[in-house]
Amino acid sequence: MKRSGLLAFLIILIAIIFISRLFYLQILNNSYTIPTLNSSAVKVTYDYPERGYIYDRNGVLLVANQLSYDIMIIPREVKPLDTLDFCKLLKITKEDFIKKFERAKRYSTRIPSTFLPQLSKSDYAYLQEKMHKFKGFYIIKRSLREYPLNSAPNVLGYISEVNERMIKNNPNYQLGELIGTAGVEVTYEETLRGTKGVKYIQRDRFNKEIGPYKNGIYDTLPVPGNDITLTLDSKLQQYGEALMINKRGGIVAIEPSSGEILALVSTPTFDPNLLVGRERSKQFSKLFLDTISNPLLDRGLQGEYPPGSPFKVITALAALQENVITTTSTIKCFGGYRYGSGKGAFMECHCGTHGSPVELNKAIYRSCNSYFSNAYRKTIEKYPTAREGMDVWSNHVKSFGLGNYLNNDLSVGKKGLVPDANFYNKWYPNSRWTATYSISNAIGQGEVLTTPIQLANMTAAVANRGFYFTPHIVKQIKDKKLDEKYTTPKYTSIDEKYFEPVIEGLFNVFENPRGTASWSKVKGIEICGKTGTAENPHGQDHSIFIAFAPKDNPKIAISVFVENGYWGSRWAGPIASLMIEKYLKGETIRPWKEQEMFNGSLQEEYNKQLKETTEIEE
């Protein structure tokens, strides 16, 4: 009796194990029911979703979709065909056919891949009736990008076909599929791309399609990508691009209270629609190979330049924080600053006669090199060694987001350079360097390098009296919360009380009749700013300007950089004041200045540099 009971128990146990295993395999685990891409019994096809739309901060459509058609190929299913007839239909050469066919075979003989992308509607209508003659080829619908405004290609980016290297890194893509390659398109690829729909089609033993696999229970519908709202103001962006026609450089405008990027202009620019359609590769090559204008270089994010006189703001704040100057400290300026006994140890003041003595306010609005050189030197020499002083100064500067990536959501960028003691130890390994070795840092020359977005962010930190928000380009994603790193303030190392006297000096740059930007004063707007000229050994100096407005509760902080623009007040200053006026008032009351900037050109200067470069190479 005991033995029969044990036997019955074992039989029941084994039955339970078998039933459980069958339940797992057939119900819980799909690996034995959903066929793989390499299955010969089932054909897998994809239904591609629409990418998410992209809007500006005011709901203006920046990026839409247009319908396109791709010819797909499954190499193992291709039957002998009239190659010449097929090539004629597709408007390609026989050599192109062979190249594309071999590429598809290398990728996979069983998995579908794109043979010829982006057919027009008329081509599709014509080909659809004839495709039955060419076994192994079929047509699918796909959406391409469309740019209604022809603006901000450096921000929006573009999409392109995945290559084999990309597929290895991300097996969710198949050859011929599209992926974000630059700008917002690449940064937010996961958000924009959506999810492919999949269809499984059963084949019989003769390889003939006989209907949906298992009545379509594993088929899925495509899920469209999420729409994105950018922080960009498209009107301000287009206005900035118009002001920068025939000039090279960048404009970055930020909302200080949020870090939202209002405009990100880089010129020369290009029509983003050039990188859509079957001519995309040819157009991209033209842009890429234009090493003179470099239209693919985002100068607002990647252009590293000496900051020039706008950097004097940081020199003053660091010196105030270190208590080596006060708002009433004065120096005597005799047309420049002598920092040694040698003939070349003299830093000239370019602002003409501004009288002595010079205190902080006048030093800012008259841009006195002597004052800031003295302040810089005192900051370094406050400490027992130049190494200690340099590191203290460097840390103050870096607290404004300079000398490092800003950790934003933009696809490209450069660090710039803020030197520290180690930097100079490498430069002068066998000598005892002092503050005078790097005195040019005081006025934004020397070894300091910044990008326009770093200068705009620095200006926002000053406007906020000591803090900034990480600059970012995306304002809202449907059903998603903005990352906390964009809503958490970052504080500088400077106490709030030291900002007010510096801001007063920046205000007088416009308001004082002898201020370096008094001619750019805009009625009804309290603007604070700083002109700058960055020395350039390869031609005319660069024109720089930073500003924010209004003085209290600022709504916009901006930096403008114009390559070879002579000096700050010539091009960058007027452009910055017009941008501020446009954003805060909607229009300008200075149409003559606007037309001057619209029509002004530096192309002659660029042509001169090109000629000189060519002669040197020859």
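This is a predicted model: local features need pLDDT of at least 70, side-chain atom pairs count only at pLDDT 80 or more; totals for chains, interfaces and linings use all residues.
Trainee: Then at what angle do H12 and H18 pack?
Mentor: At about 150 degrees, with the axes 10 Å apart. H12 covers residues 312-321 and H18 covers residues 499-511.

Trainee: So are they roughly parallel or roughly antiparallel?
Mentor: Roughly antiparallel, because the cut-off for that label is an angle over 145 degrees. The crossing of H12 and H18 is right-handed.

Trainee: Which residues in H12 and H18 meet?
Mentor: From H12 you have Val313, Ala316, Leu317 and Leu320, and from H18 they meet Phe499, Val502 and Leu506.

Trainee: Next pair. How do H19 and H20 pack?
Mentor: H19 (572-585) packs against H20, residues 591-599, at about 125 degrees, and their axes are 10 Å apart. That makes H19 oblique to H20.

Trainee: Is that crossing left-handed or right-handed?
Mentor: The crossing of H19 and H20 is left-handed. On the H19 side the contact uses Pro574, Ile575 and Leu578, while H20 brings Lys593, Glu594 and Met597.

Trainee: And how many nonpolar, polar and charged residues there?
Mentor: The contact of H19 with H20 has four nonpolar and two charged residues, and no polar ones.

Trainee: Switching to the backbone. Which peptide bond next to Pro268 is cis?
Mentor: The one from Thr267 to Pro268, where omega is near 5 degrees. Pro268 is in the loop that runs between strand S12 (260-267) and helix H10 (280-289).

Trainee: What about Ala549 and Pro550, cis or trans?
Mentor: The bond from Ala549 to Pro550 is cis, with omega near -15 degrees. Pro550 lies in the loop between strands S19 (542-549) and S20 (556-562).

Trainee: On phi, what's the value at Asn553?
Mentor: Positive, about 50 degrees, although Asn553 is not a glycine. Asn553 sits in the loop between S19 and S20.

Trainee: Is Asn553 buried or exposed?
Mentor: Exposed, because its relative accessibility is 62% and the cut-off is over 50%.

Trainee: And Asn564, what's the phi there?
Mentor: About 55 degrees, again positive in a residue that is not a glycine. Asn564 is in the loop between S20 and helix H19. At 4% relative accessibility, Asn564 counts as buried.

Trainee: One more Asn. Where is Asn464?
Mentor: In the loop between helix H17 (452-463) and strand S15 (467-468). Asn464 is buried, at a relative accessible area of 13%.

Trainee: What does the side chain of Asn464 reach?
Mentor: The backbone oxygen of Phe467, at 3.1 Å.

Trainee: And leaving aside neighbours within four places in sequence, what is Asn464 in contact with?
Mentor: Pro256 and Ser257.

Conventions
Residues are numbered from 1 along each chain as its sequence is written. Side-chain values use heavy atoms; hydrogens and water are left out. Axes are lines fitted to C-alpha atoms, for helices over the stretch in contact, and angles run from 0 to 180 degrees between N-to-C directions. Helices (H or I, at least four residues) and strands (E, at least two) are DSSP runs, numbered from the N terminus. Angles under 35 degrees count as roughly parallel, over 145 as roughly antiparallel, 65 to 115 as roughly perpendicular and the rest as oblique. A crossing is left-handed if the near helix is turned anticlockwise from the far one by less than a right angle, and right-handed if clockwise. Contact means heavy atoms within 4.5 Å. Buried means under 20% relative accessible area, exposed over 50%, partly exposed in between (1.4 Å probe, protein chains only). Ala, Val, Leu, Ile, Met, Phe, Trp, Tyr, Cys and Pro count as nonpolar, Asp, Glu, Lys and Arg as charged, and the others, Gly among them, as polar. A polar contact is a pair of N or O atoms within 3.5 Å; within protein, one must be able to donate a hydrogen and the other to accept it, and residues adjacent in sequence count only if both atoms are side-chain atoms.
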